[in-house]
Amino acid sequence: MKAVILAGGLGTRISEETHLRPKPMIEIGGKPILWHIMKLYSAHGVNDFIICCGYKGYVIKEYFANYFLHMSDVTFDMSHNEMQVHRRNAEPWKVTLLDTGETTMTGGRLKRVGEYLEGEESFCFTYGDGLSDVNVTDLIAFHTEHGKLATVTAVHPPARYGALDLDGSKVTGFVEKPRGDGGLINGGFFVLSPKCLDFIEADSTPWEGVPMINLAAQGDLMAYEHDGFWQPMDTLREKNLLEELWASNKAPWKIW
């Protein structure tokens, strides 16, 4: 099975990092968040990736072109113009990098992938800026079992602030970053039939708009509920949170 990852957005809300590189290349623990997402899929046996590039896409291309240099020890013999790579850290990945345009919306990027999905019954699809410990194997099995065109992972949004426990006006305790109001939201980590691309009209179509609405209206969008860890990286604060989890060896998404 293939996994399509959106990696072309501007990331304007975390401009402290994205003025030099695309958002999926922002590092957590010295590795791009894109790498963390791919390692999650790979741990569940998904190793064929299609990366939808856009803003500063050349940075992503250069990263994979020089993957051995990023991941291994290297000796440069300048006198003989030679390079020796030590302890090669290879991944069992096939990575296709597509330029899907700088201003293309999420649906438009997905539609441009169509020719690379020929012959596939279904494929995984997610955003390049969020991490989770979602069980991708169970997610795929859920999608296969219900037989509909699309599955979205439904998650509880993380709250931004801690809350006060009150008894009238008296503070009785504190709740550290409680979950939202109980409602579930789109957490990415989709499994889709290639037929879903027919619901996307043009480059200007957001996937989260008309395509998902129409799939739901005809009964072809199912929700896989994930009650575990899920965290987007939309702000510098959220980036630092993920960094702290990784540095303290408490990263729930690290299952490899």
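Here are legends for a handful of close-up views of this predicted model.

Because the model is predicted, local features need pLDDT of at least 70 and side-chain atom pairs count only at pLDDT 80 or more, while totals for chains, interfaces and linings use all residues. Numbering runs from 1 along each chain as its sequence is written, and side-chain values use heavy atoms, with hydrogens and water left out.

H36 lies in helix α2, residues 33–43; helices (H or I, at least four residues) and strands (E, at least two) are DSSP runs numbered from the N terminus. H36 is buried, at a relative accessible area of 0%. For the labels used throughout, buried is under 20% relative accessible area, exposed is over 50%, and partly exposed is in between (1.4 Å probe, protein chains only). Leaving aside residues up to four places away in sequence, H36 touches I28, K31, L131, W246, W253 and W256, where contact means heavy atoms within 4.5 Å.

**View B. K31 over the ring of W35.**
Here the charged end of K31 sits over the W35 ring, 5.4 Å from its centre. The rule: NZ of Lys or CZ of Arg within 6 Å of the ring centre and within 35 degrees of the ring normal.

**View C. Y63 and Y67, an aromatic pair.**
Rings of Phe, Tyr and Trp (its six-membered ring) pair if their centres lie within 6.5 Å; planes under 30 degrees apart are stacked, over 60 edge-to-face, and the rest tilted. By this rule the count is 17 aromatic pairs. One of them joins Y63 and Y67 edge-to-face, with 5.7 Å centre to centre and 90° between the planes. Y63 and Y67 are both buried. Zoom out a bit and ring pairs link Y41, F49, Y63, F64, Y67, W93 and F189 into a cluster.

**View D. The salt bridge between D129 and K23.**
A salt bridge here is a side-chain nitrogen of Lys or Arg within 4 Å of a carboxyl oxygen of Asp or Glu, and the whole structure has six. D129 and K23 make one of them, at 2.9 Å, N to O. Their positions are 106 residues apart: D129 is in the loop between β8 (123–127) and β9 (130–132), and K23 is in the loop between α1 (15–18) and β2 (27–28). K23 is buried, at 9% relative accessible area.

**View E. The salt bridge between K39 and E91.**
The closest N and O atoms of K39 and E91 are 3.5 Å apart in this salt bridge. K39 lies in helix α2 and E91 in the loop between β6 and β7 (94–99), so the pair ties together parts 52 residues apart in sequence. K39 is buried at 14% relative accessible area, while E91 is partly exposed at 21%.

**View F. The salt bridge between E238 and R237.**
The side chains of E238 and R237 meet at 3.9 Å, N to O. E238 counts as buried at 10% relative accessibility, and R237 is partly exposed at 35%. Elsewhere, salt bridges that share partners join K23, D129 and D234 into one network.

**View G. E244 and G29.**
E244 lies in helix α8, residues 236–247, and is exposed, with a relative accessible area of 53%. The C-alpha atoms of E244 and G29 are separated by 8.7 Å, though these residues are 215 apart along the chain.
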